[in-house]
Each structure stands twice: as structure tokens, then as C-alpha cells.
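Hi everyone, thanks for coming. Let me put the structure up, and then we can walk through its charged pairs and its surface together.

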Amino acid sequence: MQSALRITTKVLPGNKIEIEIPEAEIGDSVDVFVILAEKAEPKHRSVLDIIEESRRRLGC
């Protein structure tokens, strides 16, 4: 039976990753898939939108 592990790690200097697989033995073949986490899109608001929001909060 084919097994799978989910391992979360950090990108190291040089854009490298390091993982440890306790269940594997030296010389075993493995397939590695790297899925980059989605980054939140920063909100781009105009200055006018920010001023309008401030006025609503202050009741102006």
C-alpha cells in the first residue's frame, strides 16, 4: 500500500527546504510535491475610501 505524509516546513536560506522522513530507509525512492501556501492579497484602497470609512465611523 502506498502511504503519504504531510510535512510543513520553512524555506531556508538559498530557497532550500529540508525534510526528515522517519519511516523511510536510506536508498528508498520517494516522490516530493511542493505546494506553496496561498498568500493573502493585500487590500488596495484609495485615500478617498479610507477618508469615507473614517467619517462613517466618526458619524460625520
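Where do Glu52 and Arg56 both lie, and how many residues apart? They both sit in helix 1, four residues apart, which is about one turn of the helix. Helices here are DSSP runs (H or I, at least four residues), numbered from the N terminus.

A word on the source: this is a predicted model, where local features need pLDDT of at least 70, side-chain atom pairs count only at pLDDT 80 or more, and totals for chains, interfaces and linings use all residues. Residues are numbered from 1 along each chain as its sequence is written, and side-chain values use heavy atoms, leaving out hydrogens and water.

Now, the salt bridges, meaning a side-chain nitrogen of Lys or Arg within 4 Å of a carboxyl oxygen of Asp or Glu. The count by this rule is three. Glu52 and Arg56 make one of them, with their closest N and O atoms 3.9 Å apart. On accessibility, buried means under 20% relative accessible area, exposed over 50%, and partly exposed in between (1.4 Å probe, protein chains only). So Glu52 is partly exposed because its value is 39%, while Arg56 is exposed, at 57%.

Next, Glu53. Its bridge to Arg45 has the closest N and O atoms 2.4 Å apart, and its bridge to Arg57 is 2.5 Å, N to O. Arg57 and Glu53 also lie in helix 1, four residues apart. Shared partners join Arg45, Glu53 and Arg57 into one network. Arg45 is partly exposed at 43%; Arg57 is exposed at 68%.

Methods:
Helix = DSSP H or I, 4+ residues; strand = E, 2+ residues; numbered from the N terminus.
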